[in-house]
Amino acid sequence: MNTFTINIALLVTIIASLIHVANCASDIYVAHTQRISSVQFQPPIIEHYLDTVNAKSIMYCVAACNKHDLCRTCDYDSSTKQCRLFESLGSTGTLIPSIHTSSVFILNYCLQKTNNYDLSTIYSEPDYICTPALPGQSMTVYDAFQKLILANNNVPLPLAERDVYMSSNGFYTSSSDSSAIRHYGYNGQLITTYPYSSSLSCINYNPKINTFIVCPYSIPRLETQLFNPNTSTTMSQQNISTVGPPFYSYYDTNRLYISYRSSASPITIHLINGTKILTADSQSTGTFTPFTLWQSQLVFGTGSSISLFNLNGTYQSSWSYNFSSVVSLIGFIQHDYAGRRYFNDYNTNPSNKGVYIYNQNSTFYTVLNRACVWTCAIKITKRNITLVSLQSPTSSLYYYNF
């Protein structure tokens, strides 16, 4: 959604003048900051939670968000000095009424530069991509991804990489033949390899509880691994039995969602301890079917359409993206910080390979003409755009620095 609604009794303060954030380590301007009092922020997906830090004041909290390469929204509790950082734009999340000492701050970098920084020329995301790395400049989505293609910065990745999870400090891949979880920086440099006892397919991560969840290749179970970010080590937690070999999983705060490699089962819904509690409606049945969560819905890709379910697996509606003549089978679905939706064509026809970019209302932005067969992932930071493409015969990372 492009706007959000709060109780009119809540104090809303717009800081419309240019703010020079008091941050000794980063001399970046925040052109437009919105403060909403007596609320906390809930991101649309758990991946958009970045970190919790202690901050002496509001300004230090906003400075911490401004400095972070991914942060665009933060909330601050002046009684506890707790500052939470989020990747999401404020307009994509939910404002939860809270105590009067808590406030949400939304950082907006979409300012068209003029001699006087005229705030009447603010552009808005998701139609534009805005970054403090290019002060006063805004790019359309099409222009930004054309720059990624024309830059042609290509870092080869091992062919065995089968799935990818984009995090706040790089990306993690699962391997189908070398039995490892690998951690890469956004420049494609290998940071750490975590040996694993079996070949893997899917990988996901819950940043709030520092837990990976992985799918052993062709085995009907999931495995969870507790990750220690301070020591960069993993520790086995539990095995979760499934009705068949999983294709994709999503680890939310309270639940685990699983789709399958064959059409034998619809999505199953489990508690965090692995106990199966629900089976989604039959419209979630498919072969190699990707899905994700966005706000309070499961977003499920099958054929050339997107189906929406509530979080209990009840079918709600379907959206056709009018590309059935090109895309035969959606292979991955992802949303970025502004709610832009990405998916690929899981197809063997080379002319059909690419990443399609849409708005939430099905408005088409562009197709990213980079081959993506098995899966892809995209991350837009304040400094660059990164595309990870896993496929045969070659897997690659593409990037463009603003």
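Analyst: In this predicted model, Asn384 stands opposite Asn401, a residue of S36. Strand S36 covers residues 395-401 and pairs with S35 over six bridges, in the antiparallel sense. S35 itself runs over 384-390.

These two strands belong to an open sheet of four strands, in the order S13-S36-S35-S34, and the pairing is antiparallel. Strand S13 (153-157) and S34 each have a single partner strand and stand at the edges, so one side of each has no neighbour in the sheet. On average, neighbouring strands of the sheet are turned by 15° against each other, with direction ignored. In general, the strands of a sheet are held to one another through backbone hydrogen bonds, in either a parallel or an antiparallel arrangement.

A helix also belongs in this picture. Helix H2, residues 141-151, packs on the sheet and touches S13, S34, S35 and S36. The direction of H2 makes about 120° with that of S36.

The loop between S34 (375-380) and S35 (384-390) contains Arg383. The side chain of Arg383 meets that of Asp69 in a salt bridge, at 2.8 Å from N to O. Asp69 sits in the loop between helix H1 (58-67) and strand S7 (73-77), and the two partners are 314 residues apart, so this pair links distant parts of the chain. Neither end counts as buried, because the cut-off for that is under 20% relative accessible area: Asp69 has 30% and is partly exposed, and Arg383 is partly exposed with 46%.

Arg340 meets Glu125 in a salt bridge of 3.3 Å, N to O. Glu125 is in the loop between strand S10 (102-108) and strand S11 (128-130), while Arg340 is in the loop between strand S30 (330-335) and strand S31 (341-345), so the pair ties together parts 215 residues apart in sequence. Both Glu125 and Arg340 are buried. Arg340 also meets Asp336 in a salt bridge, at 2.7 Å from N to O. Asp336 counts as buried at 4% relative accessibility, and the value for Arg340 is 0%. Through shared partners, the salt bridges join Glu125, Asp336 and Arg340 into one network. The structure holds five salt bridges, including those described here.

As for the whole protein, it has two helices and 36 strands. Of its 402 residues, 55% count as buried. Among contacts between residues at least 6 apart in sequence, 49% join residues at least 24 apart.

The average pLDDT is 79, and 80% of the residues score at least 70. Over residues 1-27, pLDDT stays under 50. The model has 58 contacts beyond four places in sequence for that stretch.

Notes: Residues numbered from 1 in each chain as written. Heavy atoms only, no water. Buried < 20%, exposed > 50% of the residue type's maximum accessible area, 1.4 Å probe, protein only. Contact = heavy atoms within 4.5 Å. Salt bridge = Lys/Arg side-chain N within 4 Å of Asp/Glu carboxyl O. pLDDT = per-residue confidence, 0-100. Pairing = 2+ DSSP bridges. Axes fitted to C-alpha atoms, helices over the stretch in contact; angles between N-to-C directions.
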